[in-house]
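This briefing goes through selected local features of one protein model.

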Amino acid sequence: MASFGALRSRYASLLKQFIASNKDFEILTTITAGNASQPKTLYVFDSSFNPPTCAHLRIASSALLEQPEPGSRLLLLLATQNADKPTKPAPFEDRLAMMELFAHDVRSYLATAKSFLAEQVPAIDIAVTKKPYFVDKAAAIEASEKYPKQLEQVHLTGFDTLIRIFNPKYYPPEHNLQPLSPLFSQHRLRVTLRPSHDWGSLEEQEEFLSSLARGDREPEGGRREWAKKIQLVEGRKPGAPSVSSTRAREASQSTPDDLDWLVPDKVREFLLSETPYVSKGLSEDA
């Protein structure tokens, strides 16, 4: 593996080329132990990765372990234009470098899981998109022709992202949910529940999906059959410490020992060596 400095420089160059191009989506790197076969299912993990954490690792690995099969693949996706979050504090090339390191952490974790044979550990693509909105990102992946035409995308999200996906304000000019139809015609969402003061109790989050299934969102253009394309999965166990990118950024400055349980191994090495969050502000991008 390249040194951290070389890794960052490579991604800075690739990112510059992508931004100057007319492409909306581009795969920058593929992490695989051998020849990557054409996938049947693409698990899409779109996040700010600022930095990647053990929560990210849990979301990605649990999805891949749920139905381990040779035809699965993981896509780590970074949006260079984000509708809700600013680009600070870590620059995109640092995040992309950490995404590659995180990909190795994911593959190492999966390689130890009994569900996978060594040759079945999925390839992981690291990609960027210029599209800020969720539906447009899915369409850009399809239009890129980087994957088989009938490939099913399974988008790995948190409950907070599900709320944003179903917010009509993101779909002008009518501001209804009809633009979600192409997404749910072929693809699915796997949503990690996040009970919290901000996002409600477990029961309240489950009620969101029940409400959709009853047809409560039909006046806004939301179709009840979409509920069958949304899987809700348990997040962290009750009483377990909260793991977030915000907390990891704070720990990288003040309590670096906490990085042992906040971020995967290779990401931790990068944070300790490169200190991307020192004196750059911590509250920008949760």
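In this predicted model, Arg224 and Glu218 meet through their side chains in a salt bridge, at 2.8 Å from N to O. Arg224 is partly exposed, with a relative accessible area of 38%, and Glu218 is partly exposed at 39%. A separate network, joined by salt bridges that share partners, takes in Arg8, Asp94 and Glu274.

**Salt bridge between Arg8 and Asp94**

- Arg8 pairs with Asp94 in a salt bridge whose closest N and O atoms are 2.5 Å apart.
- Arg8 belongs to helix α1 (residues 4–20) and Asp94 to helix α3 (residues 92–111), so this pair ties together parts that are 86 residues apart in sequence.
- Asp94 has a relative accessibility of 4% and therefore counts as buried, the limit for that class being under 20%.

**Salt bridge between Lys137 and Asp46**

- A salt bridge also links the side chains of Lys137 and Asp46, with an N to O distance of 2.6 Å.
- Because Lys137 lies in helix α4 and Asp46 in strand β2, the pair ties together parts that are 91 residues apart in sequence.
- The two partners fall into separate accessibility classes: Lys137 is buried, with a relative accessible area of 6%, whereas Asp46 is partly exposed, with a value of 23%.

**Cis peptide bonds**

- The bond from Asn50 to Pro51 is a cis peptide bond, and its omega is near 5 degrees.
- Pro51 sits in the loop between β2 (41–46) and α2 (54–66).
- The bond from Pro172 to Pro173 is likewise cis, with omega near 0 degrees.
- Pro173 is placed in the loop between α5 (159–165) and α6 (181–186).

- Glu145 is not a glycine, yet its phi is positive, at about 60 degrees.
- The position of Glu145 is in the loop between α4 (134–143) and β5 (152–158).
- Glu145 is exposed, with a relative accessible area of 68%.
- His175 is a residue other than glycine with a positive phi, here near 55 degrees.
- His175 is located in the loop between α5 and α6, which is also where Pro173 is found.
- With a relative accessibility of 41%, His175 counts as partly exposed.

- Leu65 is part of helix α2.
- Its relative accessibility is 22%, so Leu65 counts as partly exposed; the buried class would require a value under 20%.
- Which residues is Leu65 in contact with, leaving aside its neighbours within four places in sequence? They are Tyr109, Leu110, Ala113, Ser115 and Phe116.
- How many Å separate the C-alpha atoms of Leu65 and Arg164? The separation is 27 Å, for two residues that are 99 residues apart along the chain.

Notes
Residues numbered from 1 in each chain as written. Predicted model: local features only at pLDDT ≥ 70, side-chain atom pairs only at ≥ 80, totals over all residues. Heavy atoms only, no water. Helix = DSSP H or I, 4+ residues; strand = E, 2+ residues; numbered from the N terminus. Buried < 20%, exposed > 50% of the residue type's maximum accessible area, 1.4 Å probe, protein only. Contact = heavy atoms within 4.5 Å. Salt bridge = Lys/Arg side-chain N within 4 Å of Asp/Glu carboxyl O.
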